[in-house]
Each structure stands twice: as C-alpha cells, then as structure tokens.
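Please keep the sequence and the 3D view at hand while reading.

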Amino acid sequence: MTILCVRFQLPPMYEPALPGLLGLLEEFTPVVEALPPDGALADLRGAERYFGRSAVELASVIRVRALARYGVDCAIGAGPGPMLARVALRDARPGVTCAVPEDAVAAFLAGKPVAALPGIGPATARTLGEYGLDTLGLVAAAPLSTLQRLIGAKAGRELREKASGIDRGRVVPNAVARSLTTERSFGIDELDPGRHRGALLSAAEETGARLRAVEKVCRTLTLTVRYADRSATTRSRTLKEPTAHSAALTRAAYGMYEALGLQRARVRAIALRAEGLAPADQASYQLTFDPVDEKARRLEEVADRARAKFGPRAVMPGALGRGGGSPSADGLRAA
C-alpha cells in the first residue's frame with residue numbers, strides 16, 4: 001500500500017487552504033498530484049523506506065498534522081495504485097484510513113458496484129447492469145469479448161483490467177495553480193434539477209469572469225457533483241477551443257450535467273474546475289458571425305468592467321447566461 005488518496009474536509013469557500021495542505025503532503029514525498037478542490041494523491045514509496053513506516057502509519061501522521069496546523073480533518077484511502085486508493089477512499093471516513101492490502105485486492109473489489117471505479121459513469125454501469133454485470137467481481141469473471149461487445153474494444157479491455165485489480169495508473173505531480181475552481185453549495189440537500197442548473201449557470205459565469213480577470217483561458221472543464229451521503233461524481237470535458245467565454249463554459253457544464261442522468265439525486269454541492277490554463281493572448285479561436293454570441297461577449301466586457309470598478313457583486317448571478325434561468329442567491333455560496 002504505497003499510494004494515498006486524501007480528501008480534506010474543507011469547509012465551503014475554503015479552497016485557498018489547499019496549497020498549504022499539499023505542502024504538508026510534500027513534507028513526506030515530492031510526488032503529489034492535486035485533485036482540486038479538496039483532494040490529492042501521494043506516492044509514498046520513497047517515504048516508506050526513508051521513514052521506516054508504512055503508508056497507513058504515515059497517513060495517521062498526515063491527519064494529525066492537518067488537524068494541528070489547519071484544523072482540517074481528512075479521509076484517506078490507501079492502496080497499491082492510484083485507482084485502488086481512490087476506490088478505498090469511498091469507504092474511508094474522517095479519522096479512519098481504508099487500506100487495500102496487495103494480497104486482497106480481488107476480494108476487496110469483488111463486491112463493489114461497477115460505478116465505484118473512477119471514470120465509470122451511470123450510462124456504462126446501467127448498460128452492464130442490464131446484462132447482470134453489476135459488481136466488479138462479475139465483470140472480472142466475464143469473457144473479454146462480452147465486455148468489448150457491450151462497451152467497446154478499448155473500454156472493455158481497460159474495465160476488465162481494473163475490475164481484476166490491475167492498476168496501471170501513476171501519480172503525476174502537478175500544480176494546483178494550473179486550475180481554478182468555483183463551487184456552489186446548497187443550504188439543504190437539493191433535489192430540484194432547476195436549482196442544480198441555476199447553480200451551474202452561476203458557477204460558469206463566475207468561472208468565466210475569474211478567468212478573464214487574470215487573462216487566462218481554459219482547455220478543460222470538470223464538473224463535480226457532491227451528494228448527501230458524501231459521495232461524488234466527477235466528469236471532465238475538453239472544450240472545442242480554449243475559452244474564458246461564460247456562455248461556452250455554461251454549455252459545457254450543462255452538457256456534462258445532463259449526461260449524468262440524475263434522477264431525484266440529493267445534491268449538496270456543485271463545483272466547476274477550469275483546467276489547462278493558458279494565457280488568453282496566446283489562444284486562437286474560431287471566428288463567429290453569430291450576432292447573439294457577439295452581443296453576449298460585449299455584455300461580458302461591460303460586466304467585467306463593472307466588477308472591476310464596483311466589486312464582484314455588481315453583476316447579478318445569471319444575468320449573462322444563455323439557455324438557463326437566473327439562480328436564486330438563497331442557499332448558494334461562491335467558493
């Protein structure tokens with residue numbers, strides 16, 4: 001068990017603490033991959049040898065230091081690889097590390113639902129479930145040709161490997177500054193899809209405004225939906241072109257949300273993360289002759305000037321959105 005997947009129990013609107021918490025992990029290993037807004041992967045292979053302690057023992061030290069320095073508890077999953085550590089995190093709770101021993105990987109995964117694997121969405125899980133393949137143990141035992149026929153050649157091969165406990169992933173050190181996250185939290189667990197979309201619209205507009213303020217564009221947009229049971233679903237989409245245009249970000253966010261197919265899901269928070277940031281003056285984009293789009297961009301320029309002069313609340317949330325209503329400010333908080 002050499003990889004940790006850590007989720008810090010950060011209060012809403014407290015993502016600025018993440019760099020400091022990542023620095024805490026870097027006291028043990030330089031191989032740390034940030035998972036904004038509140039998580040990280042850490043490869044402790046070198047640390048285990050250096051400190052003479054197992055990854056689970058080091059996880060306890062990390063938890064104590066996070067509490068002592070930042071007042072933040074954390075849930076930690078440990079496993080032989082990044083994928084297994086992420087799956088273990090689903091069973092972890094603050095104060096308790098869930099570890100997957102190397103000699104018990106198959107047994108640990110066997111009873112898990114297919115959706116427990118990172119990257120497996122509701123549509124894929126539903127397709128497999130229709131054929132009785134609703135647990136990872138059944139998927140691992142299924143003929144490869146069957147899986148490939150159901151979900152495709154490459155996806156079927158990768159799914160069977162992961163369900164069998166073969167983890168080919170690795171921790172890739174990155175910088176949290178290369179992303180930007182905006183979160184909307186609900187005052188109570190929210191069932192209404194209209195309010196979900198309203199929160200998405202508000203978050204997309206703020207993300208676009210923040211990107212334009214620092215003269216950046218993003219290449220990838222990631223949606224994270226957190227539920228009442230503390231689980232979460234994450235989806236990413238590579239944009240057609242690097243952008244900081246709020247309307248384009250909103251369309252991408254809506255597309256990912258609709259693809260989740262949520263039905264009466266009790267949602268606690270929704271977050272959008274802009275990744276692959278690059279200078280706006282170095283980005284190229286397709287010229288458009290759409291008068292509606294051009295008008296929206298001019299309105300953005302006016303709104304940005306108003307924010308710069310009068311503050312971030314000078315423009316009402318949802319005022320610039322397209323294809324969605326303005327969200328109520330009640331129960332929504334900006335990260």
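## Nonpolar cores

A nonpolar core is a set of buried Ala, Val, Leu, Ile, Met, Phe, Trp, Tyr and Cys residues joined through side-chain atoms within 4.5 Å. Buried means under 20% relative accessible area, exposed over 50%, and partly exposed in between, with a 1.4 Å probe and protein chains only. The largest nonpolar core comprises 30 residues, and those with the most contacts inside it are Leu200, Leu211, Leu221, Leu223 and Leu272. Two or more residues each are given to this core by strand S6 (179–190), helix H10 (193–213), strand S7 (216–227), helix H11 (246–260) and strand S9 (267–275). H11 supplies the largest share, seven residues. Helices (H or I, at least four residues) and strands (E, at least two) are DSSP runs, numbered from the N terminus.

Contact means heavy atoms within 4.5 Å. When residues up to four places away in sequence are not counted, Leu200 touches Leu223, Ala253, Tyr254, Tyr257, Ile270 and Leu272. Apart from this core lies another, of 28 residues, which includes Cys98, Val100, Ala163 and Val171.

## Basis of the model

The model is predicted: local features need pLDDT of at least 70, side-chain atom pairs count only at pLDDT 80 or more, and totals for chains, interfaces and linings use all residues. Residues are numbered from 1 along each chain as its sequence is written, and side-chain values use heavy atoms, with hydrogens and water left out.

## The chain as a whole

The chain contains twelve helices and ten strands. Of its 335 residues, 44% are buried. Among contacts between residues at least 6 apart in sequence, 68% join residues at least 24 apart.

## Leu159 in helix H9

Leu159 belongs to helix H9 (residues 153–163) and is buried, with a relative accessible area of 2%. Neighbours within four places in sequence aside, Leu159 is in contact with Leu117, Ile120, Leu128, Val139 and Ile151. Ala140 is 19 residues from Leu159 along the chain, and their C-alpha atoms are separated by 8.3 Å.

## Glu48 in helix H2

Helix H2 (residues 45–51) holds Glu48. Glu48 is buried yet has no salt bridge, a term for a side-chain nitrogen of Lys or Arg within 4 Å of a carboxyl oxygen of Asp or Glu. The nearest side chain of opposite charge, Arg49, is 6.6 Å away; Lys and Arg count as positive and Asp and Glu as negative, while His and the chain ends are not counted. A polar atom of the Glu48 side chain lies 3.0 Å from the backbone nitrogen of Ala55.

Key:
A polar contact is a pair of N or O atoms within 3.5 Å; within protein, one must be able to donate a hydrogen and the other to accept it, and residues adjacent in sequence count only if both atoms are side-chain atoms.
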